[in-house]
Amino acid sequence: SVLDNLHAAGLINYFGKVSNLKEVEVSPLLITKGSAKLGLYGMSSVKDERLYRLFREKMVKMYRPEEDTESWFNLLVLHQNRAQRGPTNFIPDHFIDGFVDLVLWGHEHDCRITPEKVVHGDEKTFHITQPGSSVATSLCEGEAIPKKIGILSIAPGRLFQLQEIPLKTVRPMIFKDIWIEDPQH
């Protein structure tokens, strides 16, 4: 693919490529700065129905560091449908492993960048941020939501803060509903 060529040329860092569609194994990039530790997990886009089935069948394995497992802030970058567009044409948030602290959800266009807390039982609590597209890419109501980007800061203790920055140069899109009554009634 083009991304593979750009990566091989050293022009981009491409991580999270899924090459086995029968069992997905996700290994993190481990980054440290001072005492802060980041485990960066990535999954490139896989057909939603296939990935749904792989998650359901427990065929998605996410590896964790062997040492100081609980001291890493774990960020998953995911590029899939978040909104349900059919029975298996999305990835439900309860499929996400409980050790993940924050999911950066790509593919969806609506800007829902403010981290949303997700709780599933006693063992799964994490946040999801969905930055959306930085420009309008389709004529839908979700594109009319103000566009923002964010700067993520992490700290020891698996703490994080997301500074939201509104984009000022996005062409505005306005949606209005107009009801035209049938003239015969």
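Reply: Val2 lies in helix α1, which covers residues 2–8; helices here are DSSP runs of H or I with at least four residues, strands are runs of E with at least two, and both are numbered from the N terminus. Residue numbers count from 1 along each chain as its sequence is written, and the side-chain values use heavy atoms, with hydrogens and water left out. Keep in mind that this is a predicted model: local features need pLDDT of at least 70, side-chain atom pairs count only at pLDDT 80 or more, and totals for chains, interfaces and linings use all residues.

Val2 counts as exposed because its relative accessibility is 61%; the scale is buried under 20% relative accessible area, exposed over 50% and partly exposed in between, with a 1.4 Å probe and protein chains only. Together with Leu3, Leu6, Leu11 and Ile12, Val2 makes a nonpolar surface patch of about 430 Å². Patch members need over 30% relative accessible area and no salt bridge; nonpolar side chains (Val, Leu, Ile, Met, Phe, Trp, Tyr) are joined within 5 Å, like charges within 9 Å. The areas come from Shrake-Rupley with a 1.4 Å probe, and for residues only the protein chains shown count as cover.

On to the rings. Rings of Phe, Tyr and Trp (its six-membered ring) pair if their centres lie within 6.5 Å; planes under 30 degrees apart are stacked, over 60 edge-to-face, and the rest tilted. That rule gives five aromatic pairs. One of them is Tyr41 with Phe99, edge-to-face at 5.5 Å centre to centre and 65° between the planes. Tyr41 sits in strand β3 (residues 36–43) and Phe99 in the loop between β5 (73–79) and β6 (102–106), so this pair ties together parts 58 residues apart in sequence. Both Tyr41 and Phe99 are buried.

Phe73 and Phe160 make a tilted pair, because their ring centres are 5.6 Å apart and their planes are at 55°. With Phe73 in strand β5 and Phe160 in strand β10 (residues 159–166), the parts tied together are 87 residues apart in sequence. Phe73 counts as buried at 1% relative accessibility, while Phe160, at 25%, counts as partly exposed. Elsewhere, ring pairs link Tyr52, Phe55, Phe90 and Phe95 into a cluster.

Trp105 is in β6, and Leu78 stands opposite it. β5 and β6 run parallel and are joined by five bridges; strands pair if DSSP finds at least two bridges between them. β6 also pairs in the parallel sense with strand β8 (residues 124–130), over three bridges, and there Val103 has Ile128 in β8 as its bridge partner.

Now the charges. Side chains of opposite charge can pair when their charged atoms come close. A salt bridge here means a side-chain nitrogen of Lys or Arg within 4 Å of a carboxyl oxygen of Asp or Glu, and the whole structure has 12 of them. Lys37 and Asp68 form one, at 3.1 Å from N to O. That pair links distant parts of the chain, with Lys37 in strand β3 and Asp68 in the loop between β4 (60–62) and β5, 31 residues apart. Asp68 also has a positive phi, near 50°, although it is a residue other than glycine.

Glu108 and Arg85 meet in a salt bridge of 2.8 Å, N to O. Glu108 is in the loop between β6 and β7 (112–120), Arg85 in the loop between β5 and β6, 23 residues apart. Glu108 counts as buried at 8% relative accessibility, whereas Arg85, at 43%, is partly exposed. Arg112 and Glu116 form a salt bridge too, at 2.8 Å from N to O; Arg112 is partly exposed at 36% relative accessibility, and so is Glu116 at 23%. Arg64, Glu70, Asp101 and Arg158 are linked in a network of salt bridges.
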